Amino acid sequence: MKAILVNDDKSLRWDNVPDPVIASEEVLVKVAYAALNRADLMQREGDYPPPPGCPEWMGLEVSGEIVEIGEEAKKKSPYKLGDKVCCLLGGGGYAEYVAVKYDMCMPVPDNCSMVEAAAIPEAFATAYLKLFVEGKAKAGETLLVSAGTSGLASVMIPMAKAYGLRVLTTVRKDPAKISHLGADLIINTKEQNLPEVLRNEELAGHPVDIAIDCLGGDMLGQCLPYVKYGCRWIVIAALAGATTQIDLKNLYKKNIRIIGSTLRSRAPEMKAQILASLVSEIWPKVTAGIIKPTIHAVLPITETEAAHNILYRGENVGKVVLKVL
């Protein structure tokens, strides 16, 4: 089969690799679409290696068709040959086929295209983890999501709204481009000072209970004085800088929790629990059209370099997807 490999100079090529051989608890999926994540760029740059045992090529989420099933997977899973699934991977999605443990697969929701299905597993699982496992989100709370045009935010904002949260998000481009996501307040940080906005929100009686922060940098420390007592500030990346300055007195006086979190590092058992929760709790909202991934662009997998460049330049509003078939 073929997969996207990284050359020594960090450029990409669509080249031959060994066919996957499935284990007893795995299924073989013929990949239809693979969605991009910023973690793919980090892996390409050598900063985010795949977990042990995963293929060296990138790709954390795919949609496709089951074409082979291991003996234990036949006994333990509901899947059969020909089933359409979307899968959460430790890596290896940028390829024609992928071997994946049966409990890392989910049925494609009704009323959902295969392109949309490819954009679900990583983003939805991450959103669920941050909101409900780490953030303990409850209806009526206020959530701050940074980088509102990102693929993750395009899922997290409608998911939070579906569960009754008030949502603030930040952008550095035209706020109208994400108006369809339903955020209560879109903060254009090119024109507005985020700490000042949060201060005004606190004075108005609805300070931030939960923050999902992929930016970090100086702004993190500047925002903390204006969050709610007991705020959970969840750091998932540091795209704006890896250091910040924090007033520790403010930290303990307000009982603020700063939580570092990634999905990829979680144990397979926990990932399987999250996917099962998505199917039971979130799939009905996907079928009803309440929560949907926003697709920015679909490119052939032979144009992965161009697809990555969309993310590198920060042009995307929602998810970028590769067509493999």
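Predicted model: local features only at pLDDT ≥ 70, side-chain atom pairs only at ≥ 80, totals over all residues.
User: How many salt bridges does the structure hold?
Analyst: Side chains of opposite charge can pair when their charged atoms come close. A pair is counted here when a side-chain nitrogen of Lys or Arg lies within 4 Å of a carboxyl oxygen of Asp or Glu. For the structure, the number of salt bridges is 21.

User: Which residue forms a salt bridge with K76, and how far apart are the closest N and O atoms?
Analyst: The partner of K76 is E25, and their closest N and O atoms are 2.5 Å apart. K76 belongs to helix α2 (residues 71-76), whereas E25 sits in the loop between β2 (12-16) and β3 (26-35), so the pair ties together parts 51 residues apart in sequence. K76 is partly exposed at 45% relative accessibility, and E25 is partly exposed at 25%.

User: Which strands hold K84 and E65?
Analyst: K84 and E65 form a salt bridge, with closest N and O atoms 4.0 Å apart. The two residues are 19 residues apart, and the pair links distant parts of the chain. K84 lies in strand β5 (residues 84-88) and E65 in strand β4 (residues 61-69).

User: Is R313 buried or exposed?
Analyst: R313 forms a salt bridge with E315, their closest N and O atoms being 2.5 Å apart. E315 is partly exposed at 38% relative accessibility. The cut-off for exposed is over 50%; at 52%, R313 counts as exposed.

Note on methods:
Residues numbered from 1 in each chain as written. Heavy atoms only, no water. Helix = DSSP H or I, 4+ residues; strand = E, 2+ residues; numbered from the N terminus. Buried < 20%, exposed > 50% of the residue type's maximum accessible area, 1.4 Å probe, protein only.
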